[in-house]
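Subject: Handover of a structure and notes on its features

Dear colleague,

Please find below the structure that I am handing over to you. My notes on what was found in it follow directly after.

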Amino acid sequence: MTRTVHKEVALRMNLPTGSIGVFLAGDFYTVPAFDKRGGSGDVSELWRGFADDFDWVIGVAGNHDSFGEDRNAAPRFNDRRIHYLDNQRVTVEGLKIAGLAGIIGNPSRMRRRSEDSYCKASEELLDSQTDILITHDGPDAPPHGFVGSTLVREALEILQPRLGIRGHAHWNEPFVELDGGVNVLNVDARVVILRERPA
Ligand SMILES: [Fe+2]
């Protein structure tokens, strides 16, 4: 692939010129025949493809995503535009971004942490000023009936990132505001285009 897709996107969406990055919230694997859900496998090429076409890629792994033989291993991308985050932080174009891969569950299974461990990691990440927290699992939103972790939601409401991005569990609406004004975007099975607010 060539790095032209982001220019086409910018043109079609009437976006200003400038860099266009991609946030990935996980679960990109599909079985080769596209005939069933729930398989797991290597998504390295998909991440590289996004990096080929856009200016940077920042993301986390879903519970169906691997990178090579070890199903729990982090990827080793030799590309400075790709930022894989699992209990890590990065600052790109002034945005302070933290990420946590996988889901809450039995730690003996692929890309899972206990709820205690997942929440502790979320809280420790949010102890530092954070603009965007990307997680694959993530908060619930009870007023809307949207599923997720109550403990993670409470951590977000107290520690206040500017935006949470999550995947894994489908919500009928992509965007909710939690108590305290924290915005959460659910990108399970959808693409959302975020634009910088004009100055
Ligand atoms: Fe998932």
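Two strands are said to pair if DSSP finds at least two bridges between them. By that criterion, strand E6 pairs with strand E7 (residues 95-100) in the antiparallel sense, over five bridges. Within this pairing, Arg89 has Ala98 of E7 as its bridge partner. Please note that this is a predicted model.

The six-stranded sheet

E6 and E7 belong to an open sheet of six strands, with the order E6-E7-E10-E11-E13-E12 and mixed pairing. Strand E6 (88-92) and strand E12 (175-177) stand at its edges; each has a single partner strand, so one side of each is left without a neighbour in the sheet. On average, and with direction ignored, neighbouring strands of this sheet are turned by 20° against each other.

Ile97 has Ile132 as its bridge partner in E10. E10 and E11 also run parallel and are joined by four bridges, with Ile165 in E11 as the bridge partner of Ile134. The pairing of E11 with strand E13 (residues 183-186) is parallel, again with four bridges, and Arg166 stands opposite Asn186 in E13. E12 and E13, in turn, pair in the antiparallel sense over three bridges; here Glu177 stands opposite Asn183 of E13. The hairpin of E12 and E13 has five residues between the strands, and in it Gly180 takes a positive phi near 90°.

Strand E10 deserves a separate remark. In a regular strand the side chains alternate between the two faces of the sheet. Both faces of E10 are covered: Ile132 and Ile134 on one side, and Leu133 and Thr135 on the other, are all buried.

The helices

Helix H3 lies across E6, E7 and strand E10 (132-135), and runs at about 170° to E7.

How do H3 and H4 cross? The axes of helix H3 (residues 115-126) and helix H4 (residues 150-159) come within 9 Å and cross at roughly 15°. That angle makes H3 roughly parallel to H4, since angles under 35 degrees count as roughly parallel. The crossing in which H3 passes H4 is right-handed. H3 contributes Glu115, Tyr118, Cys119, Ser122, Glu123 and Leu126 to the contact, while H4 contributes Leu151, Val152, Ala155 and Leu159. The residues of this contact divide into seven nonpolar, one polar and two charged.

The three-stranded sheet

Three strands form another open sheet, in the order E1-E3-E5, with parallel pairing. Its edges are strand E1 (21-24) and strand E5 (82-84); each has a single partner strand, so one side of each is left without a neighbour in the sheet. The twist from one strand to the next averages 10°. E1 pairs with strand E3 (residues 56-59) in the parallel sense over four bridges, and Leu24 stands opposite Gly59 in E3.

Trp56 lies in strand E3. Leaving aside neighbours within four places in sequence, Trp56 is in contact with Gly21, Arg81, His83 and Val92. The C-alpha atoms of Trp56 and Ile82 are separated by 5.9 Å, although the two residues are 26 apart along the chain. Is Trp56 buried or partly exposed? With 19 other C-beta atoms within 10 Å, Trp56 is partly exposed, because a residue counts as buried if 20 or more such atoms lie within that distance.

Two residues with positive phi

Asn87 has a positive phi of about 65° although it is not a glycine. Asn87 is placed in the loop between E5 and E6, and is partly exposed, with 18 other C-beta atoms within 10 Å.

His168 is another residue other than glycine with a positive phi, here near 70°. His168 is found in the loop between strand E11 (163-166) and E12. In contrast to Asn87, which is partly exposed, His168 is buried, with 22 other C-beta atoms within 10 Å.

Yours sincerely

Conventions: Residues numbered from 1 in each chain as written. Predicted model: local features only at pLDDT ≥ 70, side-chain atom pairs only at ≥ 80, totals over all residues. Axes fitted to C-alpha atoms, helices over the stretch in contact; angles between N-to-C directions. Parallel < 35°, antiparallel > 145°, perpendicular 65-115°, else oblique. Left-handed = near helix turned anticlockwise from the far one by under 90°. Contact = placed C-beta atoms within 7 Å. Nonpolar A, V, L, I, M, F, W, Y, C, P; charged D, E, K, R; others polar. Buried ≥ 20, exposed ≤ 12 C-beta atoms within 10 Å, placed from the backbone.
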